[in-house]
Amino acid sequence: MITTELVFVRHGEAQCNADGLVGGPRTCTGLTNRGYAQVQQVARRLATEHQERPFDVLYAGPRIRLRQTGEIISQALQIPLTTDQRLDGPVHGAADGKPWAEVKTAADGGPHAHPNTPWACGSDTWNGYLERAGTFLEQLIQEHEGDRVLFAAHGETVIAAHTLLLGIPLGAPAGFTVAHGSITCWQHHRNRLDQRRWTLDRHNDTSHQALPAAEAIS
């Protein structure tokens, strides 16, 4: 049987994403029109799921694009939104607001390229972020044992969950694609022998965005 379930929705496209900028707290101005449409489609799909198997709680991080994503989902499902600072993405330091191309050139690659080295003055290291985010997710799982938990999240939060639940060593060279408006779902299973394991049920599911426009808005 499924006990705890974690469902992550990556935020819709934000203006900083469209502009190629590092979208820290000083720079994020929220979703684009395309991003709003992506979230509205995923919210309709989640509302249908919610009728069949209700979500117990909805979380979002503090950046504007996450809160806007969470608010759309909250309205569609009619459940309250809890904003938690610990669900924020990586700290970008002096890179906040700069073009990603410029930051990656100066750092000889993106955050993953040198996972124990900050990619800008005052930024996280990639491994440091994964460790911090994973520690919080582990606490959250304990607090919500037996619940169905929904997140409006950064792509990095999804990667942190995969790192934690798959037991991936920090600094591993492989990664995961996490598209805007995608759904990723982890399920905690317990069998008749009381044996337990986490199972990745869905990753980067964007099938709801492939619906024809007329069907998507019905």
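Contact here means heavy atoms within 4.5 Å. The model is predicted. Start at Phe151. Leaving aside neighbours within four places in sequence, Phe151 is in contact with Leu6, Val7, Phe8, Val9, Leu58, Tyr59, Leu87, Leu137 and Leu140.

Several of these names return in the largest nonpolar core, which has 23 residues. Leu6, Phe8, Tyr59, Leu137 and Phe151 touch the most other members. S1, S2, H5, S4 and H6 each supply at least two residues of this core. H5 gives the most, with 8 residues. Apart from this core lies another, of 17 residues, including Val7, Val9, Leu46 and Ile73. In soluble globular proteins, nonpolar side chains tend to be buried together.

Now take helix H5, residues 126–143. Its 18 residues should span 26 Å at 1.5 Å a residue, and the end C-alpha atoms are 26 Å apart, so the two agree. Among its buried residues are Trp126, Tyr129, Phe136 and Leu137. The buried residues of H5 pack against strands S1 (2–10), S2 (57–60), S4 (148–153) and S6 (196–205), and against helix H6 (155–166).

S1 and S5 (residues 183–190) run antiparallel, joined by 6 bridges. Ile2 has His189 in S5 as its bridge partner.

Terms used:
Residues numbered from 1 in each chain as written. Predicted model: local features only at pLDDT ≥ 70, side-chain atom pairs only at ≥ 80, totals over all residues. Heavy atoms only, no water. Helix = DSSP H or I, 4+ residues; strand = E, 2+ residues; numbered from the N terminus. Expected span 1.5 Å × (residues − 1). Buried < 20%, exposed > 50% of the residue type's maximum accessible area, 1.4 Å probe, protein only. Core = buried A, V, L, I, M, F, W, Y, C linked by side-chain atoms within 4.5 Å. Pairing = 2+ DSSP bridges.
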